[in-house]
Amino acid sequence: MRILIGTGSSGGHIFPALALGAALKTQGEEVLLVLPQKYAARHIEITPQQAVQYICAADLSFKFNRKNLIGFWFFLRGTWESLRIVIKFKPDVAVGFGSLNTVALIFWAWLFRAKTLIHEQNVDLGRANKLLAKVVDKVAVSFAQTRMSLNIDAQRIVLTGNPLRNELWPVERRKAADFFKFKTGKMNILIVGGSQGSHRLNTVCSEFFCAYPQKDNLQLIHLCGLTDLPWLKEKYAAAGLTCKLFDFFPQMQYAYSVADLVLCRAGATTIAELQRFQIPAILVPYPFAYAHQSANACVLAQQGAAVVIQDQLLTPETLAAKFEQCLENLQELAKMRQAYAGFKLQDATGLLAQEVLSFRLTYD
C-alpha cells in the first residue's frame, strides 16, 4: 500500500510518526512523510531511506492581526501543497499525528477516498484531531482516558499507546553510569525541558540544586536547550556540581537508565518514556498549549508514579519540598517505581502499524 503520514513540527509529533514509518517500511509498504517546512525539531534526523516532502506551516489563533494574516496565507499555501501531494502520491491510507498542518492533508486524502487514521499523543485531543475525528475511519489514542472525551462510535477508537523510537529501551545501569562517567553510590537526577528546553525549569532547577546543602551526593544530567547552555554551564561549574549538560541529547536510553528521579515537563512522549523506563518523576506541566500536559501529568500522579508542581507555583522552595518528599527514604522512590506496574506496557508502534495494515483488507 501507499501510506501517507502527516505530522506537526514538534518532537512529540515527529518521533511517533517516524517510528510508525520505519515499522511500515519493514513490512514492505511505500511510505511518504509530510512535514511542516519550518519544523522546529531540527535535531531530529530523517534517514535517507525515509521519503519526505515539506509543506508550508502556519501558526494561527483567533486574533485579528498581521501575524495571523500572514499565517493564514501560509495555511492556504500548505493546503494547496497538500492537495498536490495527495494527487501525485495517490495514498491508499493517510495517517495524521495532529497539528493544524495535517488537517488539509488528511481531508484531501479522505475526499479522494483513501482510508484515514489519526493518532492522538495526549490525553485530551488537540484542535486538529478533534476536527478530524468526525470524519476519519479510525482514531488511535495513547491513553485509555481519551475515550471519555471522544463523542464518536466506540468501534472507531483503538488504544495503541504512543510509539517511541526503536532505540529507547533500558540498558544496564552500570553501563549507563559508565557512559556518563558517573560514580556509584550517588543520586542521579535527570532534568528535561522538552526537545527545545525550558527556560523556566532551567532557572528554578539551577537555583535549587546550586544551593542544595548535600549537592556532593548528587549527579545531574540536564537537557537545557541551546539558548541557556552558556550561563548554566558557568553556574553549575561555579557551584561545584557534577552535571552533564546538553542542549539536546539523542541517546536518551542511557539518561533514563541511570536516573533515580526525573524533573521534567509532561509532554505525551515524555510520559510514554517514563512509563517504559519506570522512573519516579516530579512533573511541571507546561501551562499553555491548551493545558494538554496537565491532563497527561494526572495519569502518572493518580497512579502514584509521580508528583506534580503546577508551573505558576514552581519556585526553588516548592521544588525543595517535593524533592525531599521523593527522597525521604529509598522506600519512597521504590514505591513510585512499583506504581508503574499498574500500567499495561504494550508495543505501541506495532499496534499502530497493525491498525494501518488492517486497511489492506479493504483493497484486497
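Visitor: In which helix is Q293 placed, and what makes a stretch a helix?
Guide: Q293 belongs to helix α10, which spans residues 292-303. Helices are DSSP runs of H or I with at least four residues, strands are runs of E with at least two, and both are numbered from the N terminus. The model is predicted: local features need pLDDT of at least 70 and side-chain atom pairs count only at pLDDT 80 or more, while totals for chains, interfaces and linings use all residues. Residues are numbered from 1 along each chain as its sequence is written, and side-chain values use heavy atoms, without hydrogens and water.

Visitor: Why does Q293 count as buried?
Guide: Its relative accessibility is 15%. Buried means under 20% relative accessible area (exposed is over 50%, partly exposed in between; 1.4 Å probe, protein chains only), so Q293 qualifies as buried.

Visitor: What does the side chain of Q293 reach, and which residues is Q293 in contact with?
Guide: The side chain reaches the backbone nitrogen of A266 at 2.9 Å. With neighbours within four places in sequence left aside, Q293 is in contact (heavy atoms within 4.5 Å) with R265, A266, G267, V284, P285 and Y286.

Visitor: What makes a set of residues a nonpolar core?
Guide: Such a core consists of buried Ala, Val, Leu, Ile, Met, Phe, Trp, Tyr and Cys residues joined through side-chain atoms within 4.5 Å. The largest one has 38 residues, and L190, M252, L274 and L283 have the most contacts inside it. Elements supplying at least two residues each include β8 (187-192), α9 (268-277) and α10. Helix α8 gives the most, with five residues. L190 is in contact with residues including I221, M252 and L263. Another core, of 31 residues, lies apart from it and includes F209, C210, C224 and L245.

Visitor: What is the strand order of the open sheet, and why do β3 and β7 stand at the edges?
Guide: The seven strands follow the order β3-β2-β1-β4-β5-β6-β7, with parallel pairing. β3 (51-55) and β7 (157-159) each have a single partner strand, so one side of each lacks a neighbour in the sheet. Neighbouring strands are turned by 20° against each other on average, direction ignored.

Visitor: How do you know that β6 and β7 pair?
Guide: Two strands pair if DSSP finds at least two bridges between them. Three bridges join β6 (residues 138-141) to β7, and the strands run parallel. V141 has L159 in β7 as its bridge partner.

Technical notes
Axes are lines fitted to C-alpha atoms, for helices over the stretch in contact, and angles run from 0 to 180 degrees between N-to-C directions. A polar contact is a pair of N or O atoms within 3.5 Å; within protein, one must be able to donate a hydrogen and the other to accept it, and residues adjacent in sequence count only if both atoms are side-chain atoms.
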